[in-house]
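Me: Please take a close look at one part of this model. I would like to know how it sits among its neighbours.

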Amino acid sequence: MKLSTRAKYGIHAMLDLAMNRGTGPQSIKLIAERQGIPEQYLEQLIALLRREGLVSSVRGAQGGYLLSSPPGDITMAELMRVLEGPISLSNCLEDQDCCDRACVCSARRVWERLSQSIDQVLHSVTLEDMLEDHMRLQAEMEEPL
């Protein structure tokens with residue numbers, strides 16, 4: 001399973017908004033430059049995040065975008081749901097009728113456990129956690145050897 005570019009860019013954009021929280025609305029142009037995201041693609045992602053209530057917009061010359069909620073209230077599960085849709089490792093987890101072996105398939109049991117683990121991690125990690133990790137990694141990179 002690989003994350004789509006949509007999920008990667010969307011998460012980086014949200015992290016950027018979290019990093020710049022308290023400094024006013026952020027323009028798409030600035031976010032795109034800082035995160036290396038094509039501006040037109042970012043416009044589509046921000047529109048989606050705004051429709052889903054994760055991002056708010058401010059109009060005007062000094063306008064831009066802000067997180068709608070504190071970073072600690074936004075989970076990776078919510079971001080992934082918005083950006084990727086439901087995460088399903090196998091069709092048989094969603095529809096037992098798609099496979100004649102679903103009831104006796106040992107591989108399906110592994111996919112179920114793996115899916116539950118992924119869900120648990122995504123629900124336990126917030127944007128605030130990611131921001132703290134980012135700051136810690138930045139500090140480690142700046143420490144002299």
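Reply: Start with a term: buried means under 20% relative accessible area, exposed over 50%, and partly exposed in between, with a 1.4 Å probe and protein chains only. This is a predicted model, where local features need pLDDT of at least 70, side-chain atom pairs count only at pLDDT 80 or more, and totals for chains, interfaces and linings use all residues. Residues are numbered from 1 along each chain as its sequence is written, and side-chain values use heavy atoms, with hydrogens and water left out.

The part is helix 2, residues 28-35. Helices (H or I, at least four residues) and strands (E, at least two) are DSSP runs, numbered from the N terminus. The buried residues of helix 2 are I28, I31 and A32. They lie on the same side of helix 2, because they cover an arc of only 100° around the axis. That arc is taken from the directions from the helix axis to the C-beta atoms. An α-helix has 3.6 residues a turn, so residues three or four places apart point the same way.

What do the buried residues of helix 2 pack against? They pack against helix 1 (5-19), helix 3 (39-51) and strand 2 (64-67). Contact here means heavy atoms within 4.5 Å. After helix 2 comes G36, with a positive phi near 65°.

Now the strand partner. Strand 2 runs antiparallel to strand 1 (residues 55-58), and four bridges join the two. Strands pair if DSSP finds at least two bridges between them. Y65 in strand 2 is the bridge partner of S57.

Step back to the whole chain. It holds seven helices and two strands. From the N terminus the order is α-α-α-β-β-α-α-α-α. Of its 145 residues, 30% count as buried. Among contacts between residues at least 6 apart in sequence, 63% join residues at least 24 apart.

One more buried site lies elsewhere. T126 sits in the loop between helix 6 and helix 7 (127-142). T126 is buried, because its relative accessible area is 12%. Leaving out residues up to four places away in sequence, T126 touches P71, G72, I74 and T75.

For contrast, take V110 in helix 6 (residues 106-124). V110 counts as partly exposed, because its relative accessibility is 42%.
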